[in-house]
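Here is a short briefing on charged side-chain pairs. Look over the sequence and the model before reading on.

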Amino acid sequence: MSLFITLEGGEGCGKSTQAKLLSARLSRSGYDTALLYEPGVTPLGLELRRCLKRARHGGITAEAELMLFAAARSELTATMLLPALQRGAVVVCDRYADSTIAYQGYGRGLPPTIITTVNQLVTRGLRPDVTVLLDMEPIAALQRKGPSRDRFEHESIDFHQRVRDGYLEMARSDPERWLVFDATRPASIIATAIWSHISSLLGRASPTASHSA
Ligand code: TYD
């Protein structure tokens with residue numbers, strides 16, 4: 001059976017660690033597993049990631065930023081994500097369309113209707129089955145990340161606070177899909193809690209369920 005799991009959250013919340021732990025646990029349990037991340041993985045995605053994260057990349061508008069993330073997502077969805085789901089894999093994706101709602105929507109203030117339309121186009125209507133939100137207060141999270149910072153990590157605390165509030169609002173409005181974890185807890189405890197939700201979902205799911213976006 002296929003399952004599409006995304007991990008979301010602000011900078012330094014430990015998403016990548018949890019994505020790796022979860023996909024390793026899925027593989028050990030015998031599931032065909034794909035670990036993906038955004039932006040990146042595809043050749044175009046890696047190029048765009050470099051442009052988007054470069055620390056001194058002054059002249060990038062919010063609209064251009066939206067389109068670059070969307071271009072990376074389109075490639076990832078068409079060439080890796082949908083094929084993995086269609087063969088029945090469990091996909092763990094470190095960030096997906098909700099990052100754009102949080103960062104370019106709540107963070108940069110671009111209109112939600114435009115973001116929804118763009119996301120709809122590039123995801124081909126695909127939505128995660130489960131989204132894990134690792135939530136923590138942004139000042140502490142940025143301190144945890146240390147001094148080497150990219151363009152997003154240089155944004156104001158207000159920006160990061162809006163991103164966090166956006167995530168919490170999305171999670172509140174769709175509690176069936178979103179699981180919220182306190183990211184200040186030890187990584188091993190969070191990993192156990194995530195696994196307990198995902199393994200029970202996999203246990204309940206019909207083995208014939210599949211994605212066809
Ligand atoms: P990354 O190093 O992957 O950050 P993290 O480890 O926190 O996931 O960098 C991705 C950056 O891009 C991160 O600051 C969030 C931002 N981003 C957006 O602004 N919009 C998006 O749609 C996505 C996918 C990421």
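Is Glu 155 buried, exposed or partly exposed? Glu 155 counts as partly exposed, at 26% relative accessibility. Buried means under 20% relative accessible area, exposed over 50%, and partly exposed in between (1.4 Å probe, protein chains only).

This is a predicted model: local features need pLDDT of at least 70, side-chain atom pairs count only at pLDDT 80 or more, and totals for chains, interfaces and linings use all residues. Residues are numbered from 1 along each chain as its sequence is written, and side-chain values use heavy atoms, leaving out hydrogens and water.

**Salt bridges overall**
- The structure holds 13 salt bridges.
- A salt bridge here is a side-chain nitrogen of Lys or Arg within 4 Å of a carboxyl oxygen of Asp or Glu.

**Lys 53 and Asp 150**
- These two side chains meet in a salt bridge, 2.8 Å from N to O.
- The pair links distant parts of the chain, 97 residues apart: Lys 53 lies in helix H2 (residues 43-53), and Asp 150 in the loop between helix H6 (138-145) and helix H7 (157-173).
- Helices (H or I, at least four residues) are DSSP runs, numbered from the N terminus.
- Lys 53 is partly exposed at 29% relative accessibility, whereas Asp 150 is buried at 9%.

**Glu 155 and Arg 108**
- Glu 155 forms a salt bridge with Arg 108, with the closest N and O atoms 2.8 Å apart.
- Arg 108 is partly exposed, at 24% relative accessible area.

**Glu 153 and Lys 145**
- Glu 153 forms a salt bridge with Lys 145, with the closest N and O atoms 2.6 Å apart.
- Glu 153 is buried at 4% relative accessibility, whereas Lys 145 is partly exposed at 42%.

Methods
Helices (H or I, at least four residues) and strands (E, at least two) are DSSP runs, numbered from the N terminus.
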